[in-house]
Every structure is written in C-alpha cells, then in structure tokens.
Amino acid sequence: MSQPDWSKFSHKIYIYAAMQKVYDAWTTRANLESWFLRKAEFKSPDGKVRADNSPVQKGDTYEWLWHGHPDTTAEHGEVNEANGKDRFQFVFGKAGVVTVSLKETEPGITEMILVQDQIPTDDKSRYDYHVGCSTGWSFYEGNIKSILEGGIDLRNKNPAYTNVINS
C-alpha cells in the first residue's frame with residue numbers, strides 16, 4: 001500500500017449552476033460571506049478595501065473570519081490568480097495554496113475542482129492542514145452547492161454551538 005501524499009489533496013463536486021455564478025461565489029466579499037465566511041475582507045495592493053461586490057484581483061490580500069470561531073482565528077493570505085472566469089487561487093495562510101478550477105460540463109452544470117497543495121508535511125500540519133482542511137472543505141463545498149442550487153445555508157451561526165463541523 002502506498003503512503004498518502006500529505007502535501008496535497010483534491011476534491012471534485014458538480015454544481016447545478018452557471019460557471020460564472022460559481023466563479024463569482026468565490027471572488028467577492030458578499031458572495032463568500034453567503035456560503036463560506038463570517039467576514040471576507042479583501043484589500044487591493046495599494047491597501048484599499050474592496051467593496052462588497054467588487055471582484056478580487058491578483059495581488060489582493062485578505063482577512064477571513066468564520067462563524068463559530070473568535071476573531072483570533074483570522075486567516076490572512078494573498079490572491080495569486082483570479083482570471084474572471086474559471087480559475088481562482090490563493091495562499092491559504094500556513095496551510096498551503098488553494099486552487100479552484102471550474103469547467104462547464106453541460107449547460108447549467110459546473111464541475112468544481114478544489115486542490116490544496118504545498119501543505120507542510122510535519123505531523124502537526126498533516127493533522128491540521130491535510131486532514132482538517134480536507135474535512136472543512138468537504139462541508140463548505142456542500143454548502144456552496146446548497147446555496148447556489150437552492151439557497152439553504154447549512155452553516156451554524158449560533159456562537160453557543162461550538163466544535164461542530166458546520167461552522
């Protein structure tokens with residue numbers, strides 16, 4: 001049996017929505033906050049905060065906060081690629097690089113592939129970033145599908161409920 005490659009993982013999901021709608025869900029503050037984050041602030045390279053519906057651009061930096069977690073768990077990173085159509089890539093703090101690639105498989109159906117790579121491979125990173133991020137992305141991939149296909153947000157937004165998979 002071969003050993004797992006702890007430096008990366010890949011997930012694929014099909015979303016019954018137009019490819020541009022899926023892309024846009026990843027690349028504006030308002031859209032990211034509808035399915036993924038409590039706060040998604042992006043700043044342009046000159047330090048200006050992007051408006052809620054302004055698409056992110058290559059070189060932008062971000063601060064992200066999640067429901068169910070205190071502000072001390074903020075994630076910071078940089079956008080490596082945002083091509084406006086089918087590819088979005090960002091440095092995910094210390095957890096590596098995340099690339100989201102989209103392809104229309106038939107009208108109204110989008111294949112979304114998320115790859116997280118360049119994950120550190122020490123024991124703590126294997127657990128925190130490979131296992132933890134893979135588990136987290138599985139939930140959020142289901143949530144983006146739910147939001148875009150029908151509008152139901154599966155996230156826990158009640159701060160009294162902690163240590164749950166959906167926050």
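Predicted model: local features only at pLDDT ≥ 70, side-chain atom pairs only at ≥ 80, totals over all residues.
Strand pairing is described from strand 2 onward. Strand 2 covers residues 39-43 and strand 3 covers residues 61-65. The two pair in the antiparallel sense, over 5 bridges. Within this pairing, Lys 43 stands opposite Thr 61 of strand 3. Strand 3 is also joined to strand 4, residues 75-82. These two strands run antiparallel, and 4 bridges join them. Two facing positions illustrate the arrangement. Tyr 62 stands opposite Gly 77 in strand 4, and Glu 63 stands opposite His 76 in strand 4.

Strand 4 pairs in turn with strand 5, residues 87-91. The sense is again antiparallel, with 3 bridges. Strand 4 and strand 5 form a hairpin, with 4 residues between them. Gly 84 sits in the turn and has a positive phi of about 80 degrees.

Strand 6 spans residues 97-106 and includes Val 98. Val 100 lies in strand 6 too. In a regular strand the side chains alternate between the two faces of the sheet. Val 98 has a relative accessible area of 0%, so Val 98 is buried. Val 100 is buried as well, because its relative accessible area is 1%. The cut-off for a buried residue is under 20%.

Beyond its neighbours within four places in sequence, Val 98 touches Phe 88, Gln 89, Phe 90, Phe 92, Leu 114, Val 115, Gln 116 and Trp 137. Lys 58 is 40 residues from Val 98 along the chain, and their C-alpha atoms are separated by 14 Å. With residues up to four places away again left aside, Val 100 is in contact with Trp 26, Asp 86, Arg 87, Phe 88, Met 112, Ile 113 and Leu 114. Val 100 and Ile 113 are 13 residues apart in sequence. Their C-alpha atoms are 5.7 Å apart in space.

The largest nonpolar core contains 38 residues. Trp 26, Trp 64, Phe 92 and Trp 137 have the most contacts inside this core. Helix 3, residues 123-150, supplies the largest share, 7 residues. Phe 92 has contacts in several parts of the chain. Apart from neighbours within four places in sequence, Phe 92 is in contact with Tyr 62, Trp 64, Trp 66, Glu 75, Val 97, Val 98, Gln 116, Cys 133 and Trp 137.

Aromatic pairs were examined next. The structure holds 21 aromatic pairs. In one of them, the ring centres of Trp 26 and Trp 35 are 4.9 Å apart. Their planes meet at 75 degrees, so the pair is edge-to-face. Angles over 60 degrees fall in that class. Both Trp 26 and Trp 35 are buried. Trp 26 also pairs with Trp 137, and this pair is tilted. The centres are 5.7 Å apart, with 45 degrees between the planes. Trp 26 lies in helix 1 (residues 19-27) and Trp 137 in helix 3, so the pair ties together parts that are 111 residues apart in sequence. Relative accessible area is 1% for Trp 26, which means that Trp 26 is buried. The value for Trp 137 is 3%, so Trp 137 is buried too.

Helix 3 was checked for length and bending. Its 28 residues should span 40 Å at 1.5 Å a residue. The end C-alpha atoms are 39 Å apart, which agrees. Helix 3 has a kink of about 30 degrees, centred on Gly 132. Gly 151 follows helix 3 and has a positive phi, near 95 degrees.

Positive phi also occurs in residues other than glycine, including Gln 118, where phi is near 60 degrees. Gln 118 lies in the loop between strand 7 (109-117) and helix 3. Its relative accessible area is 59%, so Gln 118 is exposed. Asn 163 is also a residue other than glycine with a positive phi, near 55 degrees. Asn 163 is found in the segment after helix 3. Asn 163 counts as exposed because its relative accessibility is 81%. The cut-off for an exposed residue is over 50%.

Note on methods. Residues numbered from 1 in each chain as written. Heavy atoms only, no water. Core = buried A, V, L, I, M, F, W, Y, C linked by side-chain atoms within 4.5 Å. Buried < 20%, exposed > 50% of the residue type's maximum accessible area, 1.4 Å probe, protein only. Contact = heavy atoms within 4.5 Å. Phe/Tyr/Trp six-rings, centres within 6.5 Å; stacked < 30°, edge-to-face > 60°. Expected span 1.5 Å × (residues − 1). Bend = angle between axes of the 7 residues up to and from the residue. Pairing = 2+ DSSP bridges.
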